[in-house]
Number of protein chains: 2
Amino acid sequence: MAVPRTGPNLTKIAAALGVSSATVSNALSGKGRVSADLVQKIRQKADELGYVPSNAGRALRTGRSGVLGLVLPDIANPLFPQIAQAMEMAASNNGYGVLIADSRGEVTTQTDAIGRLIERGVDGLIVIPRRGTRIGAVGCPVAMVDTPSTPGNTVSADHWEGGEQIARHLSDLGHKKILLLGNDPASNVQNDRIGGMKAALGRDICHQTIWLEPILRDGGTTASLKLPYLVESGVTAIATVSDLLALRVLTELQTAGFRVPGHVSVTGFDDLIFSPVVTPALTTIHMDMAQIAEIAVAALIAEITGTQKIKSTTPQQKRTVPDTVMADTSRVPMELIIRSSTGPATPYQTHIPNGETL
Amino acid sequence: MAVPRTGPNLTKIAAALGVSSATVSNALSGKGRVSADLVQKIRQKADELGYVPSNAGRALRTGRSGVLGLVLPDIANPLFPQIAQAMEMAASNNGYGVLIADSRGEVTTQTDAIGRLIERGVDGLIVIPRRGTRIGAVGCPVAMVDTPSTPGNTVSADHWEGGEQIARHLSDLGHKKILLLGNDPASNVQNDRIGGMKAALGRDICHQTIWLEPILRDGGTTASLKLPYLVESGVTAIATVSDLLALRVLTELQTAGFRVPGHVSVTGFDDLIFSPVVTPALTTIHMDMAQIAEIAVAALIAEITGTQKIKSTTPQQKRTVPDTVMADTSRVPMELIIRSSTGPATPYQTHIPNGETL
DNA sequence: CTGAAAGCGCTTACAG
DNA sequence: CTGAAAGCGCTTACAG
């Protein structure tokens, strides 16, 4: 004997009205094979009884769960709120739910996370891969959100172009000596951002790139960056690959007595929650996550309802065909947000840290 | 004709081995009614075929989906990553999945969000309510994560006690004139934090509370706070209810030429991602989200598998019994994290904004 | 220890 | 336009 449900089901509505459950199903799904009259009566009865369809029954029958899995490299990532919010919105607008899984920054955990979602019967997967990771065939459509430079089909913001915008902005302000600050040289996203910056800086602009993470890993500290020294030797702008890095630089400079943007301009990336709130507010690049999410979700749904017409409720393991979904790499444009952390380049002047000017 | 699955199912394993699917089911679920020999053979065959159980089939049969819903007031909340990560971890450790829904800060959307999750057949709900919201009976167990002062059963960090810790820390450092800075006076959490601070400050300590959000709503700006004026009139510490607010205050003070903690100490709350990264790093209160998540998930699972032995696959609407879950309000302790944004109180000295000392 | 059977709620191809 | 029937994959009470 299986577990009965206490709520009303199709059969109960059918019984209450003296019709067949097939008719109730057809009426409620609006497939149009039922007379307007009956549809009306059935709808009313369903409302009256507080009918809510059973996902399990439907999923078992149709082979589709109506749920998408979202795999995140590390939920602690400050960009995650934007991502999750956009994905949830895009999915729920299309009648899908979103199941989350966190891979805590590790590749094996990423595989586990994907496995857990597959076991839960997701119809498709949105994966924000750990840097450099490739996803094998998993038995359901996969949309990757990464950089355009990642091999394979992905949706993503055009990080390179964002880097170009930042660089042009600084260049327009007259900066001639710029520090480009990255964190992790193994990150595709960060490389694209820095690459775009470099590409957009003219020959007349002197720039230097520093990656922070390797310095920290070798036991260095942020102090090893010698920001005050760099500024005194003529750097008038510091372009970073992330608002978090920009915040670090900004507050460090302020503590050392430099003014931003008076002495140095600072830029970030991602328009994180705190960026408009700090003083000076951060000039940054905002990505249209909503659009990225819509593209990813639409691609997934097209694949789910199209090509894979006959799809199992449960995953087919050991599939050989790759099933990543996007027809092509989609690039979503970036928007430059100019706030007060950037300003005209000011010629170098001798300056003693700690706030006192000579 | 229903949609066939391409992957192996119980029946295929059974057929391959010449046993019944009931036996396969019993063997794989380890209920112990099958001989060790057979269990061994069945397990092996299942692995060989790459068997993954169908959630839909199981859910339909057992009336349980194995999924918990997480309703967030606003995914953009900077604390959300910590919450989602902890919940996902606690749930998946217990064999449950987590479906997310964002209520975008609005009450009606919160109701919609809950509705969507219920329709997806979640077995239980974790709700981080929009401030002041009560959740009606929804037909499945609900765990609320809020302040202990919220009426109803909740798990939460002990925000009051966190406020006390901060206040004691500042008091121990010798601060005698403290500004308590809140954002939204309608927030239970923020009121608890401020309440705790006040309670722990001795009679000899002068304090004033300012709520920022009403000022901003009336068209004021952060500048209306007149932080420089307050500091010059003797405030040596500013205790805020959030790291975001602390960051705002910190950078504004720095821009105005004050040193933190030299001239003023600043504290936050929540230990957000940027807090250890800014200079000076923020002294704050860290909440043990993992523990909160474990309590909430455990309570939910107890309710799901216990009391409600016979539970429908789909929600029963219009239930009359309240089904909030926690036996009692659980309070999780807070941890004070002392970083460099706080230091000994320094006596007031005349100081001209903009970095020049007389 | 093992199996036959029922049934969870739904949808769809088919017959009328 | 409407209904009877089958079946998606699973688990469990029951019989042997």
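How many bridges join strand β6 (residues 177–182) and strand β8 (residues 237–240) of chain A, and in which sense do the two strands pair? The legends below take up this point after some notes on the model.

This is a predicted model, in which local features need pLDDT of at least 70 and side-chain atom pairs count only at pLDDT 80 or more, while totals for chains, interfaces and linings use all residues. Residues are numbered from 1 along each chain as its sequence is written, chains are lettered from A and ligands numbered from 1 in the order in which they are written, and side-chain values use heavy atoms, with hydrogens and water left out.

**View 1. Strands β6 and β8 of chain A pair in the parallel sense over four bridges.** Strands here are DSSP runs (E, at least two residues), numbered from the N terminus, and two of them pair if DSSP finds at least two bridges between them. Within this pair, A:L180 stands opposite A:A239 of β8(A).

**View 2. The open sheet of chain A has four strands in the order β7-β6-β8-β9, with parallel pairing.** At its edges are β7 (206–211) and β9 (265–267) of chain A, each of which pairs on one side only. Neighbouring strands are turned by 15° against each other on average, direction ignored, where axes are lines fitted to C-alpha atoms and angles run from 0 to 180 degrees between N-to-C directions.

**View 3. In chain B, an open sheet of four strands has the order β7-β6-β8-β9, and its pairing is parallel.** Because β7 (206–211) and β9 (265–267) of chain B each have a single partner strand, one side of each is left without a neighbour in the sheet.

**View 4. Strand β8 (residues 237–240) of chain B pairs with β9(B) in the parallel sense over three bridges.** B:A239 has B:T267 in β9(B) as its bridge partner.
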